[in-house]
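This report describes the fold, the overall dimensions and the side chains of one chain. The sequence and the model come first, and the description follows.

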Amino acid sequence: MTRQRVASGAPYEETYGYSRAITVGDRVLVSGTAPIWPDGHVDPDPAVQAKRCFDIILAALAEVEAGPEHVVRTRMYITDPAISDIVGRTHGEVFKDIRPVTSMIVVSQLIDERWLVEIEAEAVLDTLLHD
């Protein structure tokens, strides 16, 4: 089975020894993705944070010629149950017609206290959207 790594240049990738995404056969696994802009900025709005996570995830998928239509699972980690609807609706904007399986898990804190959300995704390259 072939393996391809995708790097995003995040500062922790090399230090912590992980890849933004990795393909193994027809599967693409995208690491937990935090809402960080290239300059280190983190917007305090949970909807903006979720959208930023999805933008990073979709860019990693594009590196291996995949898109949101290939996603079969997402996992969303949030630090406050009060933002679940906001994050869920943002997920819906991206995956409304695709409808992957998903989990939303409330955690006490993420690595950076500014992060309210972190998201993972899994895709299968030969999975296409069917009505």
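In counting charges, Lys and Arg are taken as positive and Asp and Glu as negative, while His and the chain ends are not counted; the place of a charge is NZ of Lys, CZ of Arg, CG of Asp or CD of Glu. On that basis the chain carries 12 positive and 21 negative side chains, with the centres of the two sets 4 Å apart.

The model is predicted, so that local features need pLDDT of at least 70 and side-chain atom pairs count only at pLDDT 80 or more, whereas totals for chains, interfaces and linings use all residues. Residues are numbered from 1 along each chain as its sequence is written, and side-chain values use heavy atoms, with hydrogens and water left out.

Three helices and six strands occur in the chain, in the order β-α-β-β-α-β-α-β-β from the N terminus; helices (H or I, at least four residues) and strands (E, at least two) are DSSP runs. Buried residues, under 20% relative accessible area with a 1.4 Å probe and protein chains only, make up 37% of the 131 residues.

| Property of the pair | Value |
|---|---|
| Phenylalanine 54 to phenylalanine 95, centre to centre | 5.7 Å |
| Phenylalanine 54 to phenylalanine 95, between the planes | 75 degrees, edge-to-face |

The pair links distant parts of the chain, with phenylalanine 54 in helix 2 (residues 46-63) and phenylalanine 95 in helix 3 (residues 84-95), and both phenylalanine 54 and phenylalanine 95 are buried.

Technical notes. Buried means under 20% relative accessible area, exposed over 50%, partly exposed in between (1.4 Å probe, protein chains only). Rings of Phe, Tyr and Trp (its six-membered ring) pair if their centres lie within 6.5 Å; planes under 30 degrees apart count as stacked, over 60 as edge-to-face and the rest as tilted.
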